[in-house]
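Subject: Structure handover and findings

Hello,

Please find the structure below. My notes on it follow.

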Amino acid sequence: MAGLGLGLTGTLGSLGLGEESEGEAEAEADASTARPQTLMLMVGLVWSAVAHNRRSCARFLALGGLDAMLDLLDEAPAFLRPLLLGCVADLARSPHAAPFLVQWR
């Protein structure tokens, strides 16, 4: 589970979302039990801030965010999958999402 969410974290950082201070990064690295909660918060952030904003959604898709979400769906704990599927479904409603969904793996 070590690589879980790294693609999504990079995409959120490129959008200017989900940035954290050095101390927060160290605290997260030390507290491996916080990982599922962090992932849940990140997906919730994408769902509320990106999925329903056309410009943010287009940028998120261009930065590989949908690929990261789909990759995360493969490895995510069971409790996180419904949240991920809901977010991916809302992102898929964008007219720009079709090529990303077709080319995923």
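This is a predicted model: local features need pLDDT of at least 70, side-chain atom pairs count only at pLDDT 80 or more; totals for chains, interfaces and linings use all residues.

Residues are numbered from 1 along each chain as its sequence is written, and side-chain values use heavy atoms, with hydrogens and water left out.

**Overall**

The protein has seven helices and zero strands. Along the sequence the pattern reads α-α-α-α-α-α-α. Helices (H or I, at least four residues) and strands (E, at least two) are DSSP runs, numbered from the N terminus.

Of the 105 residues in the protein, 35% are buried. Buried means under 20% relative accessible area, exposed over 50%, and partly exposed in between, with a 1.4 Å probe and protein chains only. The accessible surface is about 6100 Å². Carbon and sulfur atoms hold 57% of that surface. The areas come from the Shrake-Rupley method with a 1.4 Å probe; for residues, only the protein chains shown count as cover.

**The core**

The largest nonpolar core has 22 residues. Such a core is a set of buried Ala, Val, Leu, Ile, Met, Phe, Trp, Tyr and Cys residues joined through side-chain atoms within 4.5 Å. V46, L66, M69, L84 and L91 touch the most other members. Two or more residues come from each of α3, α4 (54-62), α5 (65-75) and α6 (81-92). The largest share, five residues, is from α5.

**Helix α3**

This helix covers residues 35-49, which is 15 residues. The expected span is 1.5 Å times one less than the number of residues. That gives 21 Å for α3, and its end C-alpha atoms are 21 Å apart, so the two agree.

Its buried residues are R35, P36, T38, L39, M42, V43 and V46. They sit on the same side of α3, because they cover an arc of only 160° around the axis. The arc is that of the directions from the helix axis to the C-beta atoms. L41 and S48 are exposed, on the face turned away from the buried side.

In α4, C57, F60 and L61 are buried. They fall within an arc of 95° seen down the axis, so they line one face of the helix. The face turned away carries the exposed residues R55 and A62.

H52 lies in the loop between α3 and α4. H52 is exposed, at 58% relative accessible area. Leaving out residues up to four places away in sequence, H52 touches W47 and D90. H52 and L91 are 39 residues apart in sequence, yet 7.9 Å apart C-alpha to C-alpha.

The twelve residues of α6 should span 16 Å, and the end C-alpha atoms are 16 Å apart, which agrees. L84, G86, C87, V88, D90 and L91 are buried there. The buried residues of α6 pack against α3, α4 and α5.

L83 is also in α6. L83 counts as partly exposed, at 21% relative accessibility. Beyond its neighbours within four places in sequence, L83 is in contact with M40, V43, G44 and W47.

H96 is in the loop between α6 and α7 (98-103). H96 is partly exposed, with a relative accessible area of 47%. Residues up to four places away aside, H96 touches A58 and L61. H96 and C57 are 39 residues apart along the chain, and their C-alpha atoms are separated by 8.6 Å.

**Cysteines**

How many disulfides are there? A disulfide is a pair of cysteine sulfur atoms within 2.5 Å. By that rule the count is zero. For C57, the nearest cysteine sulfur is that of C87, 8.9 Å away. C87 is in no disulfide either, with the sulfur of C57 as its nearest. C57 is buried at 3% relative accessible area. C87 is buried at 0%.

Best regards

Key
Contact means heavy atoms within 4.5 Å.
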